Amino acid sequence: MHENSKEIDAVGSPDFPAPWIKPSAKTFSSHAQHVACLAKPQPVASINGITLFLPPNVYHPGVGLSSSFLVEAVSNKLLGASVLDLGCGSGYVGISLYRPGMELTLADISDAALASAAENLHRMKITAEVVSSDLFSGLQGRLFDTIFFNPPLFDKAIDHEAEIALCDPDGELLGRFLADVPDYLNPDGKVYFMASNLMNRRVLLHGLKEYQYEIVSSSHCAQSDVSRWVVCASPIRCKKTTGIAHHVNIYELSDEEM
Ligand SMILES: C[S@@+](CC[C@H](N)C(=O)[O-])C[C@H]1O[C@@H](n2cnc3c(N)ncnc32)[C@H](O)[C@@H]1O
C-alpha cells in the first residue's frame, strides 16, 4: 500500500461503497497534475523491477496509484491459464502478474499503449498476444479464466488525449464492461477490476447487480480524496453456459442513488 494511502475498510467489508467521498477541489487539482504529467514525454521507468517504455499519454503506473494497488491485491490469487489484461496501457499489470505457462493477452484501444505494451513485453522476454480492442470488440469468441481491468476511473469529460486513460464520462465504459464481461469468461472465471469514488456510482452499482462480488483491497488517499477498491467479481449468469452461480445481492440502491 502506498505511503499516502490509508486503509479504510477491512477486506470484503460490507461497508462498500458506503464511505463514498464525493470528489472535491483537491481531487480535480490532483487529476490536473496527473494529466499534465502523462502528457509530457515520459522517461523509461523502473517499477518493482519492471523497466517500462512509456510514450506520452500512456498511463504511467508509477504516477497513478491504481496499477500497483491492483497488482498487490491480485498477486497471491489463482489466475488460471488464460488471462486478459484489458486496458493494458504499458502492460504493467499483465507483466507483473505473468507466470510461466500463462496464456496472456493484453488489449487496449490506444495505439500508443499497444506499442508501449509490445515493447515492454519484448524487454521482459514475455510472450503474450497484444490486441487492439475497444473493450471486447477485438476479442470476439474468446474466453478467459481471469480478466483484469484498471479502467479510466473519473466520471468526467475527456478534454485531453491523456484523459482517455483517466476519464469515463457518465460511466459509459464501465457500464459496457460490466454488461459484456460474462460473454468472455470461462465458467468459474473471475474479473478483478479497480473501482473508485471517482466513478459513476449508479452505473457501478447497477452493473454489479449481475455479479457475486467481494472487495479484496481498499485504500483512501487523503491528499486527493480518492478511494480505490479492488473488486473480485463472478457473473451470476455465465452467458456462454447454462450455469447459474449462487446469487448474493449484497447492496441495494437507495432512491437517492437511482
Ligand atoms: C487507468 S489506465 C490503466 C493502464 C494499465 N492497465 C495500468 O494499470 O497501468 C486505463 C487504460 O484503459 C484504456 N482504455 C480506455 N478506453 C478503452 C476502451 N474503450 N477499450 C480498451 N481500453 C480502453 C486506456 O487506453 C488506458 O490504457
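Student: What makes serine 66 count as buried or exposed?

Tutor: A residue is buried if 20 or more other C-beta atoms lie within 10 Å of its own, exposed if 12 or fewer, and partly exposed in between, with C-beta atoms placed from the backbone. Serine 66 has 20 other C-beta atoms within 10 Å, so it is buried. By the way, this is a predicted model, where local features need pLDDT of at least 70 and side-chain atom pairs count only at pLDDT 80 or more, while totals for chains, interfaces and linings use all residues. Residues are numbered from 1 along each chain as its sequence is written.

Student: Where is serine 66 found, and what does it touch?

Tutor: Serine 66 is found in helix 2; helices (H or I, at least four residues) and strands (E, at least two) are DSSP runs, numbered from the N terminus. Not counting residues up to four places away in sequence, serine 66 touches Asn150, Met194 and Arg228. Two residues are in contact if their C-beta atoms, placed from the backbone, lie within 7 Å. Serine 66 and serine 219 are 153 residues apart in sequence, with their C-alpha atoms 9.9 Å apart in space.

Student: How do you know which strands pair with strand 8?

Tutor: Two strands pair if DSSP finds at least two bridges between them. Strand 7 (residues 144–149) is joined to strand 8 by 5 bridges, and the two run parallel. Strand 8 is also joined to strand 10 (residues 226–235), by 6 bridges, and there the strands run antiparallel. Phenylalanine 149 stands opposite phenylalanine 193 in strand 8, and serine 196 stands opposite arginine 228 in strand 10.

Student: What makes cysteine 232 buried?

Tutor: Cysteine 232 has 20 C-beta neighbours inside 10 Å, so it counts as buried. The place of cysteine 232 is in strand 10. Leaving aside neighbours within four places in sequence, its contacts are Lys190, Tyr192, Tyr213, Glu214 and Val216.

Student: And what makes a set of residues a nonpolar core?

Tutor: A nonpolar core is a set of buried Ala, Val, Leu, Ile, Met, Phe, Trp, Tyr and Cys residues joined through C-beta atoms within 7 Å. The largest one here has 64 residues, and Leu70, Ile147, Phe148, Val191, Tyr192, Val230 and Val231 touch the most other members. Take valine 191: leaving aside neighbours within four places in sequence, it is in contact with Ile147, Phe149, Val181, Leu185 and Ala233.

Student: What is strand 5 paired with, and how covered is it?

Tutor: Strand 5 (residues 103–108) is mostly covered, with 5 of its 6 residues buried. Strand 4 (residues 82–86) pairs with strand 5 in the parallel sense over 5 bridges, and 4 bridges join strand 5 to strand 6 (residues 129–132), also in parallel.

Student: Why is the unit of strand 5, helix 4 and strand 6 called right-handed?

Tutor: A crossover is right-handed if, with the strands pointing away from the viewer, the path from the first strand over the helix to the second runs clockwise. Strand 5, helix 4 (residues 111–123) and strand 6 make a right-handed β-α-β unit.

Student: How confident is the predictor in the chain?

Tutor: pLDDT is the predictor's confidence in each residue, from 0 to 100. The chain's mean pLDDT is 86, and 84% of its residues reach 70 or more. Over residues 1–14, though, the pLDDT is below 50, and over residues 241–258 it stays under 50. Where pLDDT is low, the predicted coordinates should not be read in detail.
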